[in-house]
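Trainee: Please go through this structure with me, one question at a time. I'd like to see how each answer is reached.

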Amino acid sequence: MNAHGEEAPVTVTSDFVRSYVITGGRRLPTADDLSLHTLVTLAPEREMPLGAGPEVRAIWDLCGGGYLSVAEVAAHLSLPVGVARLLLTDLFEQGHLLRRAAPPRAQSVDRGIIEKVLHGLESLYG
C-alpha cells in the first residue's frame with residue numbers, strides 16, 4: 001500500500017530478472033503452438049495457481065477482463081514474447097486459460113462490386 005491507502009500496481013519487468021529465471025530454464029514453445037495473434041483469456045471459475053509468480057499474477061489480472069492477444073500480454077508485462085508465450089502455454093495446459101485463433105484476415109472484394117454498390121447508393125441518396 002502507498003501513503004494514500006491504495007495498493008501499488010504489480011510491476012513486472014525483466015530488467016533485473018533474466019528470462020531463463022522466469023521460465024525456469026525451459027525451452028520456449030514453437031511459434032506454431034501460440035502465435036502472436038492468438039487470443040487468450042481466463043477460463044471461467046478458475047483459481048490462481050498456488051505459488052504463482054509475479055508474472056503469472058500479472059497475466060491473471062490482465063486476462064481476467066477479456067481476450068488479449070499474446071503480443072498484447074507480452075507488451076503490457078514488458079516481457080520478451082517468448083517468455084510470455086511460455087507462461088501462457090503453462091496456464092493453458094493447466095486449464096486456466098482459454099485460447100482461440102485470431103480472426104481471419106479480411107478478404108479483398110472485387111473493385112467492380114464496390115463500384116456497383118457505390119453507384120447504387122448514389123442513385124438512392126444522390
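Trainee: Where does Glu 45 lie?

Mentor: A word on ground rules: this is a predicted model, in which local features need pLDDT of at least 70 and side-chain atom pairs count only at pLDDT 80 or more, while totals for chains, interfaces and linings use all residues. Residues are numbered from 1 along each chain as its sequence is written, and side-chain values use heavy atoms, with hydrogens and water left out. Helices (H or I, at least four residues) and strands (E, at least two) are DSSP runs numbered from the N terminus. On that numbering, the place of Glu 45 is the loop between β1 and α2.

Trainee: How does Glu 45 count, buried or exposed?

Mentor: Glu 45 has a positive phi, near 55°, in a residue other than glycine. Buried means under 20% relative accessible area, exposed over 50% and partly exposed in between, using a 1.4 Å probe and protein chains only. The relative accessibility of Glu 45 is 82%, so this residue counts as exposed.

Trainee: And how does Ser 78 count?

Mentor: Ser 78 is not a glycine either, yet its phi is positive at about 55°. The loop between α3 and α4 holds Ser 78. Because its relative accessibility is 47%, Ser 78 counts as partly exposed.

Trainee: Over how many bridges do β1 and β3 pair?

Mentor: Among the facing residues, Val 40 has Arg 99 in β3 as its bridge partner, and Thr 41 stands opposite Leu 98. Strand β1, residues 39-42, pairs with β3 in the antiparallel sense, and the count is 4 bridges.

Trainee: Which elements are included in what covers the buried residues of α2?

Mentor: The buried residues in question are Glu 55, Val 56, Ala 58, Ile 59, Trp 60 and Cys 63. Their cover includes α1 (19-23), β1, α3 (70-77), α4 (81-93) and β3.

Trainee: What volume does the largest pocket have?

Mentor: On a 1 Å grid over the protein atoms alone, a pocket is an open set of points where a 1.4 Å probe fits, with protein on both sides within 12 Å along at least five of seven lines; lining residues have an atom within 4 Å of a point. Grid points are joined across faces, edges and corners, and the volume is the space filled by probe spheres set on the points. For the largest pocket that comes to about 150 Å³.

Trainee: Which helix gives the most to the lining of the largest pocket?

Mentor: The lining includes Glu 55, Val 56, Leu 87, Asp 90 and Leu 91. Both α2 and α4 supply at least two residues each. With 3 residues, the one that gives the most is α4.

Trainee: Which residues does Met 48 touch, not counting those up to four places away in sequence?

Mentor: Met 48 lies in the loop between β1 and α2, and at 31% relative accessibility it counts as partly exposed. Its C-alpha atom is separated by 8.0 Å from that of His 96, 48 residues apart along the chain. The residues that Met 48 touches are Arg 57 and Trp 60.

Notes: Two strands pair if DSSP finds at least two bridges between them. Contact means heavy atoms within 4.5 Å.
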